[in-house]
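I opened this entry to record what I looked up.

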Amino acid sequence: MGIVGAGVLGLAAAKVLQERGHTVAIFEGRPDVGGQVVTFEAGGQRLECFYHHLFTNDTTAIRYIDEMGYGPKMRWIESKTAMLRGGKVYPFVTPVDLLKYTPVSLIGRVRLGLAAVWLRRQKDWNKYEGVTARRWMERAVGSKAFAGVWGPLLRGKFADQADNVGMTWLWGKVYLRFASRKGKGGMKEQLGYLQGSFGQYIEELGRRVAAAGATIHLNCPVEEVVTGDGGVRGIRAGGELHEFDRVLMTTPNIITKKIAPDLPRDYVAVLDRVRYQWATCLVLALDRPLSDTYWLSIADPLPFVACIEHTNFMAPEEYGGNHIVYLSNYMSPGDPLLDLPAEEVFERYLSGIRTINPAFDRAWVKQMWLFKDPGGQPVITTNYSRSIPSMRTGISGLYLANTTQVYPEDRGQNYSLRLGEQVADLMDRDAKAAG
Ligand SMILES: Cc1cc2nc3c(=O)[nH]c(=O)nc-3n(C[C@H](O)[C@H](O)[C@H](O)COP(=O)(O)OP(=O)(O)OC[C@H]3O[C@@H](n4cnc5c(N)ncnc54)[C@H](O)[C@@H]3O)c2cc1C
């Protein structure tokens, strides 16, 4: 069987297919496995190009990390999360923090708290499918309280699509995040990180899949998934046709359409329903800390939407004494900022960085990197379940599994690994049914 993409989904699918007795070949366009969990070297240590952590209920990801032998290197810390509003940093983890969030009126804060408590008790997300997050929240907490917390967070993640985001996405954020909390009343939240980067367990997964007989073609972008007589024939890469009776694509919809030109029209119409926001991270290595917060959500009109100071999670000594800061943004395709090099993005971000720490000086920056991904975040609109492509594409033997099928949860390694297992199970059952 052929697999396009060696991200966590493609590798998990390969593992399960092998366990069920199939021979697997994986084609990956990049030089390494890992996909969106791609890493680079910062201060002598591997680090994710895009910030990554786990929640305690990411049980599939934790299982893989354990199985790959990296369990003892998992670090769990109490989350230091805060919100920047009116140029001031407000801790934002516990209900008490919410009560102290003075940019919103006291009545607004109480309503925000009650809405969160209500949502965390709702198991059935289907009832939120038809309403936007903005409409539901404004009715629940009032427009001012919405504008003080949820409005900027939604705009930050979905930019010009924020008003179209379905309430189910926001429900997922509140419900699942609370479900990951421990202690009385969900007061404590722990976030997990794999010391030395998540890249390690994924590389080990790649090594094990290869040792079990899979061929992993790196630097090998798939040019076309070739079909004929209503079924899949194989994968064309490097000008050569590799024949397979079943092919799994793990690519985002925007790429899938290009490499599989024969997909049925109604299937492509479903793929086209989902828009993506680009994810960008400007990563700074500083000679001193920028703040004492790990995750700072920005509720002010700053040129980036979150500031994640990784070394307020892992010690700076891990990174040669550097303090590592991610400045994160999600942008619509065509945003002019996407064409700028790291230094120019940094110049645009400078005033925002100084809002976080007025003493910040550019001499603190020892190194900077800019990373971008066009498939960073699918936009989860109302009635999203109708926009989810099925795993069977309508072409016999051709399957698709990608982050657009993660719902109602927000995309994450955990859910991609789980999807990889599910699609492999489906392919195996189809293969056995076909004899
Ligand atoms: C900014 C950001 C922050 C995130 N933060 C977290 C977090 O904190 N915690 C968490 O758990 N998850 C996080 N995630 C999500 C997580 O990284 C993804 O859910 C997961 O990595 C997706 O895996 P995948 O295999 O489905 O897709 P991908 O990783 O996108 O894999 C698809 C693969 O296909 C390859 N490919 C594409 N086109 C071709 C082609 N033509 N030929 C061959 N190969 C091709 C790509 O190179 C890629 O390797 C984050 C993601 C982003 C973007």
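**Helix 7 against helix 8**

I began with Trp150, Leu154, Lys157 and Phe158 in helix 7, which meet Trp169, Leu170, Lys173 and Val174 in helix 8. Contact here means heavy atoms within 4.5 Å. Helices are DSSP runs of H or I with at least four residues, strands are runs of E with at least two, and both are numbered from the N terminus. This contact divides into 6 nonpolar, no polar and 2 charged residues. Ala, Val, Leu, Ile, Met, Phe, Trp, Tyr, Cys and Pro count as nonpolar, Asp, Glu, Lys and Arg as charged, and the others, Gly among them, as polar.

I noted the basis of the model before going on. The model is predicted: local features need pLDDT of at least 70, side-chain atom pairs count only at pLDDT 80 or more, and totals for chains, interfaces and linings use all residues. Residues are numbered from 1 along each chain as its sequence is written, and side-chain values use heavy atoms, with hydrogens and water left out.

Next I looked up the geometry. The axes of helix 7 (residues 150-158) and helix 8 (residues 167-179) come within 13 Å and cross at roughly 110°. Axes are lines fitted to C-alpha atoms, for helices over the stretch in contact, and angles run from 0 to 180 degrees between N-to-C directions. Angles under 35 degrees count as roughly parallel, over 145 as roughly antiparallel, 65 to 115 as roughly perpendicular and the rest as oblique.

**Helix 4 against helix 8**

I stayed with helix 8. The axes of helix 4 (residues 106-120) and helix 8 come within 8 Å and cross at roughly 85°. That makes helix 4 roughly perpendicular to helix 8. Ala116, Leu119 and Arg120 in helix 4 meet residues of helix 8, including Met167, Leu170 and Phe178. By class, I read 8 nonpolar, no polar and 1 charged residues in the contact of helix 4 with helix 8.

**Helix 2 against helix 13**

The axes of helix 2 (residues 59-67) and helix 13 (residues 413-433) come within 7 Å, crossing at roughly 80°. So helix 2 is roughly perpendicular to helix 13. How many residues of each class does the contact of helix 2 with helix 13 have? I found 3 nonpolar, 3 polar and 3 charged. Among the residues of helix 2 that meet helix 13 are Arg63 and Tyr64, and Glu421 is one of those on the helix 13 side.

I traced an open, mixed sheet of 7 strands in the order 8-7-16-17-18-15-19. Two strands pair if DSSP finds at least two bridges between them. Strand 8 (88-91) and strand 19 (365-378) are the edges, and each pairs on one side only. The twist averages 20° from one strand to the next. Strand 15 (residues 276-286) and strand 18 (residues 323-331) run antiparallel, joined by 9 bridges. Tryptophan 278 stands opposite methionine 331 in strand 18.

I then found an open antiparallel sheet of 3 strands, in the order 5-9-6. Its edge strands are strand 5 (54-55) and strand 6 (74-78). Strand 6 pairs with strand 9 over 5 bridges. Arginine 75 has tyrosine 193 in strand 9 as its bridge partner.

**Around the ligand**

Which residues come nearest the ligand? Of the 31 residues around the ligand, I listed Glu28, Gln36, His52, His53 and Val222 as nearest. A residue counts as near if one of its heavy atoms lies within 4 Å. An N or O atom in the side chain of histidine 52 is 2.8 Å from an oxygen atom of the ligand. A backbone N or O atom of tyrosine 51 lies 3.1 Å from a ligand nitrogen atom.

Most residues other than glycine have a negative phi, and most peptide bonds are trans. I noted that serine 197 has a positive phi of about 100°. Serine 197 is in the loop between strand 9 (190-194) and helix 9 (199-211). The peptide bond from tyrosine 407 to proline 408 is cis, with omega near 10°. I placed proline 408 in the loop between strand 20 (398-400) and helix 13.

Conventions
Polar contact = N/O pair within 3.5 Å; in protein donor to acceptor, adjacent residues only side chain to side chain.
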